[in-house]
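Reader: I have a new structure to look at. How should I start reading it?
Author: Let us take one feature at a time.

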Amino acid sequence: MTVPSRSSSFTRRAHGLAFSTALTGTFVLSLAVTPAIAASPSVVTTIKPLHSIASAVMEGVGTPHILIDGASSPHGFALKPSQAFLLQGADAVFWIGPELAPSLEKPIGSMAGDATTVELMDAAGIQHLAIREGANFDAHDHGDHEDHVSADDHNGHDDHDEHAEKHDDHDHEHDEHTEKHGDHEEHEHADHDDHDHGDEKGDHAEHADGDHSDEHAHEGANDAHFWLNPDNGIAIAHVMADTLSQLDPDNAETYQKNAANFETRIEKLEQSISSKLEPVAGKKFVVFHDAYHHFEHHFDFEASGAITLSPEALSSADRVAEVQNQIKELNVTCVFQEPQFDAKLVNVVLEGSDARKGTLDPLGTELANGADLYPQLIEGLADSLVECLSGQS
């Protein structure tokens with residue numbers, strides 16, 4: 001797929017605005033002698049963390065749009081008719097992929113057909129981890145960490161000094177990704193499309209014996225919550241900067257500079273978080289669903305298990321019982337709920353134990369949108385862990 005030139009859709013929108021304003025009569029003369037100013041690219045993102053990274057990259061040029069805002073979960077998101085115009089007018093769309101938000105696969109493929117669409121699940125430079133199976137991670141997930149990094153991690157960001165060199169050599173692979181995923185309807189995600197989750201709160205409180213809810217449906221797949229690895233956040237920023245530089249060459253220098261500044265900020269934050277987590281290292285905790293593997297793996301601070309494999313599936317009574325036993329046997333200190341989902345199931349697994357309840361939020365639900373949200377999100381995860389595991393909550 002060819003990336004649209006600077007004179008494409010967003011320039012045409014600027015000319016259209018000039019023409020419509022001229023029709024009012026008041027500014028006919030001034031507009032007649034003033035060249036039309038090209039608007040910044042119309043950028044659409046899906047979740048709040050991606051919107052934040054795009055905001056940082058576009059600072060001084062424009063502001064991206066967001067589809068999944070507030071307390072909405074990408075796992076069961078339904079696109080509103082009022083949001084369709086954002087996709088229809090998009091020059092670039094950045095999303096994780098159908099693995100996280102299956103309901104957006106068809107709308108993005110059809111409504112944003114003329115946009116440069118970047119499916120970050122397949123973007124260059126992203127480190128991947130396999131989805132963990134079962135309720136008990138502790139029994140099999142604390143050995144050689146490298147076993148959990150998929151072969152396409154591109155050697156990752158183990159050495160932060162290699163970031164700049166690596167991103168200079170991208171050769172703009174994003175066009176290949178866009179062309180590869182241009183027709184989303186050919187993806188084999190029919191099983192995801194059958195879900196109708198709505199708000200999803202309260203869904204997990206109902207679980208029946210023997211109903212394992214296809215907990216192994218994702219076996220062999222990669223975890224889609226990869227933005228919670230700060231190194232992946234940096235990689236996302238560079239992917240966005242490269243993509244926007246092609247769409248909008250006039251502002252390429254700004255995009256690249258902003259991505260470099262974002263990288264510096266996140267690297268400093270990583271050091272701070274590592275120090276912050278040290279006092280509670282070794283304490284056991286269980287999460288609501290396996291959304292934090294990338295954060296845990298990066299900071300060598302991994303969970304002992306999850307109540308549910310994913311919010312898309314109801315937890316069976318067997319799995320809940322397994323988690324309850326695990327909490328007692330491992331002397332788990334904290335069980336974490338999520339603001340996007342009802343806490344009833346968390347309360348059930350806590351029964352009969354001394355474990356505390358905390359909250360972890362992978363999306364930054366209560367944080368203000370903007371460039372600061374992503375670093376606040378990453379730091380907030382560390383603060384929540386420390387607060388609960390140290391007994392401050």
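Author: Start with the core. This is a predicted model. In soluble globular proteins, nonpolar side chains tend to be buried together. Here the largest nonpolar core has 76 residues.

Reader: Which residues have the most contacts inside the largest nonpolar core?

Author: Trp 227 and Phe 295. Take Trp 227 and set aside its neighbours within four places in sequence. Its contacts then include Ile 47, Pro 49, Ile 96 and Leu 100. Gly 233 and Ile 236 are also among them.

Reader: What do the totals for the protein chain look like?

Author: The chain has 393 residues, and 52% of them count as buried. Its secondary structure comes to 14 helices and eight strands. Now take contacts with a separation of 6 or more: 72% of these join residues 24 or more positions apart. The chain exposes about 17100 Å², with 47% of that supplied by carbon and sulfur atoms.

Reader: How do I describe two packed helices?

Author: Give the angle between their axes and the distance between the axes.

Reader: Where does Gln 340 lie, and is it buried or exposed?

Author: Gln 340 is in the loop between β7 (334–337) and α13 (344–350). It is buried, with a relative accessible area of 1%. Gln 340 and Gly 70 are 270 residues apart in sequence, but 9.2 Å apart from C-alpha to C-alpha.

Reader: Which residues have a positive phi although they are not glycines?

Author: Asp 300 is one, with a phi of about 50°. It sits in the loop between α11 (293–298) and β6 (305–308). Asp 300 is exposed, at 53% relative accessible area. Asn 331 is another, with a phi of about 55°. Its loop runs between α12 (317–329) and β7. Asn 331 counts as exposed, at 62% relative accessibility.

Key
Residues are numbered from 1 along each chain as its sequence is written. This is a predicted model: local features need pLDDT of at least 70, side-chain atom pairs count only at pLDDT 80 or more; totals for chains, interfaces and linings use all residues. Side-chain values use heavy atoms; hydrogens and water are left out. A nonpolar core is a set of buried Ala, Val, Leu, Ile, Met, Phe, Trp, Tyr and Cys residues joined through side-chain atoms within 4.5 Å. Buried means under 20% relative accessible area, exposed over 50%, partly exposed in between (1.4 Å probe, protein chains only). Contact means heavy atoms within 4.5 Å. Helices (H or I, at least four residues) and strands (E, at least two) are DSSP runs, numbered from the N terminus. Accessible areas come from the Shrake-Rupley method with a 1.4 Å probe; for residues, only the protein chains shown count as cover.
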